[in-house]
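Trainee: Could you take one part of this model and walk me through it closely? I'd like the cut-offs along with the numbers, please.

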Amino acid sequence: MKKDEQSTRLYRSVAAEQLLYARILGILSKAGLAWLVVTFTLYAGGFRPPVIPLEDLPRYWSLSREEYLGAAGIDAGWSWLRLIGHGDFLTFTAVAFLALTTLICYAAVIPSYLRKGDRIYGSLALIEVAVLAMAASGILMAGGR
Amino acid sequence: MEWWMWPILLFVVSFGIGVVAVCAGVGGGVLFVPIVSGFFPFHLDFVRCAGLCVALSLSLAAGPDLLKRGLADLRLAIPAALVASTTSIAGALLGLAMPVHILQVTLGVVILAIVAVMVSARNYEFPQVRSPDTLCSILGIGCVYHEQSENRDIHWQVHRTPQGLLAFVFIGLLAGMFGLGAGWANVPVLNLIMGAPLKVSVGTSVFLLAITDTSAAWVYINQGALFPMVVIPSVIGVMLGSLIGAQLLSRARPRAIRHLVIGLLIFAGLRAIAKGLGY
């Protein structure tokens with residue numbers, strides 16, 4: 001069987017929602033990883049001044065997260081958004097983008113499931129979006145700052 | 001030691017983990033946390049967050065191709081992912097609240113248990129599933145993928161869905177608590193308990209990591225456990241290593257590398273226990 005025919009056969013046997021999820025995931029994951037490399041280059045290369053000078057990092061990376069936040073004068077949660085002008089916190093945008101990718105993909109397939117009348121999977125996907133959104137929101141805290 | 005030597009060393013070790021993990025057929029996450037927490041000066045909070053980000057990134061990179069080829073199945077993954085991602089949040093919260101020395105000892109014990117699972121689990125390429133259970137029928141889980149080695153389509157279905165989903169409760173909890181990728185557990189559950197073909201189990205397991213680890217990773221990020229100079233060299237190192245590992249796979253000796261990985265994990269597990277006990 002020719003490779004093109006084989007690929008077509010493979011794709012036809014896969015559900016439309018799965019292909020949609022795969023397409024969006026492909027675009028977002030490549031973009032996110034590229035942004036990760038760009039932001040890290042800006043940070044490690046010193047193009048964007050960091051909140052914590054690079055040579056001071058060893059004083060912080062052996063601390064617990066609470067000690068680190070206290071010593072660096074940083075708040076937990078989404079407060080890092082105020083610091084994205086600095087190299088170290090600019091990299092947070094890339095990590096956050098990658099972490100949001102799954103939520104975006106799930107949200108994209110919900111209409112497809114509901115249009116097909118697949119209420120079970122539409123509901124499961126919606127609940128998953130809610131779970132991921134709750135985790136991302138920062139409302140769940142474990143005794144931190 | 002100059003400060004920049006540690007991130008470079010971390011990159012090199014992560015690269016090696018990426019190569020070895022692919023050749024041995026294990027996830028990079030399960031190697032990353034015990035090795036880096038045992039031998040680097042980074043606090044376990046930052047290492048666990050990095051471990052989740054490493055597993056998440058690998059899954060995001062591999063996911064599109066696996067989904068398109070039908071080797072990862074969205075209908076199989078969605079219920080399992082919902083269970084595991086919910087409990088991984090609980091695991092992350094619990095793990096961040098526990099004293100570090102207790103966590104270190106528990107991590108060591110879990111790593112040794114993982115070794116036991118890796119050694120004893122016998123996977124089946126095409127498990128016999130006589131009939132799907134009721135839950136599987138309701139959810140409509142089952143599909144077809146093209147087995148290229150035999151040039152034929154494989155129609156598959158699963159059974160013991162409630163038991164499988166129950167197992168994902170614990171998988172998510174452990175993944176969130178210790179920052180481990182869950183591939184070592186996902187595959188046996190999907191393959192041995194639920195009866196999915198081995199390739200679909202492996203593919204779906206890789207895809208599942210992105211969902212399970214994302215929810216736990218957010219908890220760590222929001223709690224201040226994201227340390228860029230630990231996370232990013234690790235992610236880039238493991239991803240580059242896995243690309244090379246995939247190239248080397250045809251020439252590698254999987255059994256020898258698997259024995260090496262098991263040896264490394266035993267050493268790292270014992271080291272974690274020792275570290276937690278103050279030695």
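Mentor: Let's start with a cysteine. The sulfur of B:Cys136 has its closest cysteine sulfur in B:Cys143, and at 12 Å that is too far for a bond. Before going on, keep in mind that this is a predicted model, where local features need pLDDT of at least 70 and side-chain atom pairs count only at pLDDT 80 or more, while totals for chains, interfaces and linings use all residues. As for bookkeeping, residues are numbered from 1 along each chain as its sequence is written, chains are lettered from A and ligands numbered from 1 in the order in which they are written, and side-chain values use heavy atoms, with hydrogens and water left out.

Back to the sulfurs. Seen from the other end, B:Cys143 has its closest cysteine sulfur in B:Cys136, again 12 Å away and too far for a bond. A disulfide is a covalent bond between the sulfur atoms of two cysteines. The cut-off here is a pair of cysteine sulfur atoms within 2.5 Å, and a search of the whole structure turns up zero disulfides over all chains. B:Cys136 is buried, at 1% relative accessibility, whereas B:Cys143 is partly exposed at 22%. Buried means under 20% relative accessible area, exposed means over 50%, and partly exposed is in between, using a 1.4 Å probe and protein chains only.

Staying in chain B, have a look at helix 8, residues 183–193. Helices (H or I, at least four residues) are DSSP runs numbered from the N terminus, as are strands (E, at least two). Nine of the eleven residues of helix 8 of chain B are buried, so this helix is largely enclosed by the rest of the structure. Among the buried ones are B:Trp184, B:Asn186, B:Pro188 and B:Asn191. What covers them includes helix 2 (28–39), helix 4 (74–97), helix 5 (100–120), helix 7 (161–178) and helix 9 (198–222) of chain B. Helix 8 of chain B is followed by B:Gly195, which has a positive phi, near 80°.

Now for where the two chains meet. 63 residues of chain A are in contact with 63 residues of chain B, contact meaning heavy atoms within 4.5 Å. The area buried between chain A and chain B is about 5,700 Å², with carbon and sulfur atoms giving 72% of it. A:Trp61, A:Arg65 and A:Tyr121 supply 15% of the area that chain A buries against chain B, more than any other three residues. Buried area, by the way, is the accessible area (1.4 Å probe) that two parts lose on being put together, summed over both.

On the polar side, 16 residue pairs are in polar contact between chain A and chain B, both residues at pLDDT 80 or more. A polar contact is a pair of N or O atoms within 3.5 Å; within protein, one must be able to donate a hydrogen and the other to accept it, and residues adjacent in sequence count only if both atoms are side-chain atoms. Helices 1 (3–13), 2 (16–44), 3 (58–61), 4 (65–72), 5 (87–115) and 6 (119–137) of chain A each put at least two residues on the side of chain A that touches chain B. Helix 2 of chain A gives the most to that side, with 14 residues. By type, the residues of that side are 42 nonpolar, 14 polar and seven charged. The nonpolar set is Ala, Val, Leu, Ile, Met, Phe, Trp, Tyr, Cys and Pro, the charged set is Asp, Glu, Lys and Arg, and the others, Gly among them, are polar.

Last, the salt bridges, where a side-chain nitrogen of Lys or Arg is within 4 Å of a carboxyl oxygen of Asp or Glu. Within chain A, A:Arg59 and A:Asp56 meet at 3.8 Å, N to O; A:Arg59 is exposed at 55% and A:Asp56 partly exposed at 22%. B:Asp45 lies in helix 3 (residues 44–68) of chain B and A:Arg65 in helix 4 of chain A, so that pair joins two chains. The closest N and O atoms of B:Asp45 and A:Arg65 are 3.9 Å apart. B:Asp45 is buried at 4%, and A:Arg65 is buried at 1%. In chain B, B:Asp65 pairs with B:Arg69 at 3.0 Å, and there B:Asp65 is partly exposed at 41% and B:Arg69 partly exposed at 30%. Finally, salt bridges that share partners join A:Arg65, A:Glu66, B:Asp45 and B:Arg48 into one network.
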